[in-house]
Amino acid sequence: MLRILLACAFGLVLGLERESKNKPIDFRAYMIVCVTSCIIAIMAQELYADYTTSDSTVRLDFMRIIEGVLTGIGFLGAGAILRSSDGDRVKGTATGASIWASGGIGLTLGFGFYGLAAMGFVAIAGILIVLGYFRPHLTEEHDRSDR
C-alpha cells in the first residue's frame, strides 16, 4: 500500500506542476501512469515469487516488463509533443519527458526502491519547478497559460 500511495503522491505533484502551466497532459494522467507502473512492478515481483517456488518452467524477465512499460508510456508522452505552427519550435518536450519519468518513478517504487524513487522524484520535480521558474531568464521564453 505504501508503494502505491507514494506513486499517487509523486505523480500528483509532477502532474500539478505541469497542469499549473496549462500543459497538455493533466495531473490525473501522471497519477495513473505512476500508479499503474508501480502496480505492474509489484505484480512482477509477486509473479516471480509464485513461480520460483513451483516446478513450472515459466521464465520471468524483469527487464522485459520494464521495457514494455517505459515504451508504452513513451507513446503517451510523444502525444504531448507538438511542433508550433511556424515550424521553428517544438513544444511539450518537458511534459512528454516528465510523463515518461512518472512511469519510471512508479516502476522504481513498485520494485521497492524507495530511496532511489525519492531521489528521482526530487530531481525531476526540481527540474520542472525550479528550472521552470528560471526558464524565462535563461531562454527568454515563457510558459504561457494560453497553450
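Colleague: What do the buried residues of α2 pack against?
Modeller: They pack against α1 (2–19), α3 and α4. The buried residues in α2 are Y30, V33, C34, V35, S37, C38, A41 and A44. A contact means heavy atoms within 4.5 Å. This is a predicted model: local features need pLDDT of at least 70, side-chain atom pairs count only at pLDDT 80 or more, and totals for chains, interfaces and linings use all residues. Residues are numbered from 1 along each chain as its sequence is written, and side-chain values use heavy atoms, with hydrogens and water left out.

Colleague: What makes a residue buried, exposed or partly exposed?
Modeller: Its relative accessible area decides: buried is under 20%, exposed is over 50%, and partly exposed lies in between, with a 1.4 Å probe and protein chains only. Buried residues make up 30% of the 147 residues in the protein chain.

Colleague: How do you know that the span of α2 agrees with its number of residues?
Modeller: The expected span is 1.5 Å times one less than the number of residues. For the 26 residues of α2 that gives 38 Å, and the end C-alpha atoms are 38 Å apart, so the two agree.

Colleague: How many helices and strands does the protein chain have?
Modeller: Five helices and two strands. They follow the pattern α-α-α-β-β-α-α along the sequence. Both kinds are DSSP runs numbered from the N terminus: helices are H or I with at least four residues, strands are E with at least two.

Colleague: Why is the pair of Y48 and F62 called tilted?
Modeller: Start with the rule. Rings of Phe, Tyr and Trp (its six-membered ring) pair if their centres lie within 6.5 Å; planes under 30 degrees apart are stacked, over 60 edge-to-face, and the rest tilted. In the pair of Y48 and F62, the centres are 5.5 Å apart and the planes stand at 50°, so the pair is tilted. The pair links distant parts of the chain, with Y48 in helix α2 (residues 27–52) and F62 in helix α3 (residues 62–78), 14 residues apart.

Colleague: What makes the pair of F62 and F111 edge-to-face?
Modeller: The angle between the planes is 85°, and the rings are 5.5 Å centre to centre. This pair also links distant parts of the chain: F62 in helix α3 and F111 in the loop between α4 (93–110) and α5 are 49 residues apart. F111 is at 15% relative accessibility, so F111 counts as buried. Y48, F62 and F111 form one aromatic cluster.

Colleague: How do you know that D61 and R64 form a salt bridge?
Modeller: A salt bridge needs a side-chain nitrogen of Lys or Arg within 4 Å of a carboxyl oxygen of Asp or Glu. The closest N and O atoms of D61 and R64 are 3.7 Å apart. D61 is partly exposed at 28% relative accessibility, whereas R64 is exposed at 58%.

Colleague: What joins E17, R18 and K21 into one network?
Modeller: Salt bridges that share partners. E17 meets R18 at 2.8 Å, N to O. K21 meets E17 at 2.7 Å, N to O. The count for the rule is three salt bridges.

Colleague: What makes the nonpolar surface patch?
Modeller: V13, I127, I129, V130, L131, Y133, F134 and L138 make this patch of about 790 Å². Patches take residues with over 30% relative accessible area and no salt bridge; like charges are joined within 9 Å, nonpolar side chains (Val, Leu, Ile, Met, Phe, Trp, Tyr) within 5 Å. V130 has a relative accessible area of 43%, so V130 is partly exposed. V130 sits in helix α5. That helix (residues 114–139) gives the patch its largest share, seven residues. Areas come from the Shrake-Rupley method with a 1.4 Å probe, and for residues only the protein chains shown count as cover.
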